Amino acid sequence: MGQSLSTADDATATLCNSMRQNVAMDVHVVDGTYELFRQHFGATAGGTRTPGEFDATTGVLASTIQLLADGATHVGVASDHTIESFRNELFDGYKDGSGMPPELAMQIPVMEDALVALGVTVWPMVEFEADDALASAAVVANADDRVGQVLIVTPDKDLGQCVVGDRVVQFDRRKGLFINESGVNEKFGVGPSSIADWLALVGDTADGIPGLPGWGAKSTSSVLSRYGHLEDIPDEAGRWDVPGLRGAAKLATTLAERRDDAMLFRTLATLITDVEVGSVDDWKWNGPTDEFSAICERIGAQHLLARVERLQP
């Protein structure tokens, strides 16, 4: 009897271990550059105080620790180590670092070092952009059968092109809002596969993409919901099948005259999905490194040490 009980116990333990291993895990890929901006400008909102030298970095660390406290297990953070990328070589008007406050630019490498010390995977982008790393990580995670859901932690509209059904979604932590594929359609009037085309026509001031004159959000959504992509939109308005669209002739003329510009703008808006980001297993959080205490002391964030101690996996 004792032997049979032992065998049963072993079988039960094996089953439980197998069940634990098969539990779907969620993956969080975070826009670190956006988080740094959010923490900096959130601290300065209202002009009531001047933020400390490393307040934005401390805010990103605290926000990431809270993400872990909320149950995140596999986390990667992408950052724009240098603000410029290969896109600046394609278009002179593309965003550069000129609009970034120097006190914020100085904190980018500090934030990266602090997150690495926390034990979080960091993708510091030089040739590419943080959004490219997020898009690439989303592709890797989506292809992993063990992953239940991929959460792209940023509200940036560029990342809408990476959303897949309910499996790969955007997560706006500030608003507590999850945006799935239906949400992308509701917000833009087109699906994820047409987001880069939409941005090419409407423009994206945050990235320095001017768009085409006269192409507003509503008209663009109407045309792309019918044709999907720039190359499928006829040059002549008379060939358009978009009922109720106002100013079709002018829009068609502008597109016909500036189609090359539109195609370039779409290239700028299209995220790269093969940046080297490792595998999902690489992104598992296993606790802070030995350097975490020292870096917290350096940036004046010693109060975070106790919070991380309580989270040790």
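Author: Helices (H or I, at least four residues) and strands (E, at least two) are DSSP runs, numbered from the N terminus. The model is predicted: local features need pLDDT of at least 70, side-chain atom pairs count only at pLDDT 80 or more, and totals for chains, interfaces and linings use all residues. Residues are numbered from 1 along each chain as its sequence is written, and side-chain values use heavy atoms, leaving out hydrogens and water.

Reader: Is Ser 79 buried or exposed, and at what relative accessible area?

Author: Ser 79 sits in strand E2. Buried means under 20% relative accessible area, exposed over 50%, and partly exposed in between (1.4 Å probe, protein chains only). Ser 79 therefore counts as buried, at 1%.

Reader: Which side chain makes a polar contact with that of Ser 79?

Author: Contact means heavy atoms within 4.5 Å. Beyond its neighbours within four places in sequence, Ser 79 contacts residues including Thr 33, Met 111, Trp 123 and Ala 130. At 2.5 Å, the side-chain partner of Ser 79 is Glu 112.

Reader: In E3, what is the bridge partner of Asp 80?

Author: Strands pair if DSSP finds at least two bridges between them. E2 (residues 74-80) and E3 run parallel, joined by five bridges. Four of the five residues of E3 (residues 121-125) are buried, so the rest of the structure largely encloses this strand. The E3 partner of Asp 80 is Met 125.

Reader: How many bridges join E1 to E4?

Author: Strand E1 (residues 25-31) is mostly covered, with six of its seven residues buried. E1 is joined to E2 in parallel by five bridges, with Val 29 partnered by Gly 76. On E4, Gln 149 is the partner of Asp 26. E1 and E4 also run parallel, and the number of bridges is six.

Reader: How many residues are in the largest nonpolar core?

Author: Such a core is a set of buried Ala, Val, Leu, Ile, Met, Phe, Trp, Tyr and Cys residues joined through side-chain atoms within 4.5 Å. Leu 61 and Phe 292 are among the members that touch the most others. Leu 61 touches Phe 292, with Ile 299 and Leu 304 also among its contacts. The residue count of this core is 37.

Reader: How far apart are the end C-alpha atoms of helix H7?

Author: H7 (residues 130-142) has 13 residues, 10 of them buried. Expected span is 1.5 Å times one less than the number of residues. That gives 18 Å, so the expectation agrees with the distance between the end C-alpha atoms, 18 Å.

Reader: How many disulfides does a search of the whole structure find?

Author: A disulfide is a pair of cysteine sulfur atoms within 2.5 Å. Cys 162 counts as buried at 12% relative accessibility, and Cys 296 is buried at 0%. The number of disulfides found is zero.

Reader: Which side chain makes a polar contact with that of Asp 166?

Author: Asp 166 lies in the loop between E4 and E5. Its relative accessible area is 54%, so Asp 166 is exposed. Leaving out residues up to four places away in sequence, Asp 166 touches Gln 149 and Asn 180. The side-chain polar contact, at 2.7 Å, is with Asn 180.

Conventions:
A polar contact is a pair of N or O atoms within 3.5 Å; within protein, one must be able to donate a hydrogen and the other to accept it, and residues adjacent in sequence count only if both atoms are side-chain atoms.
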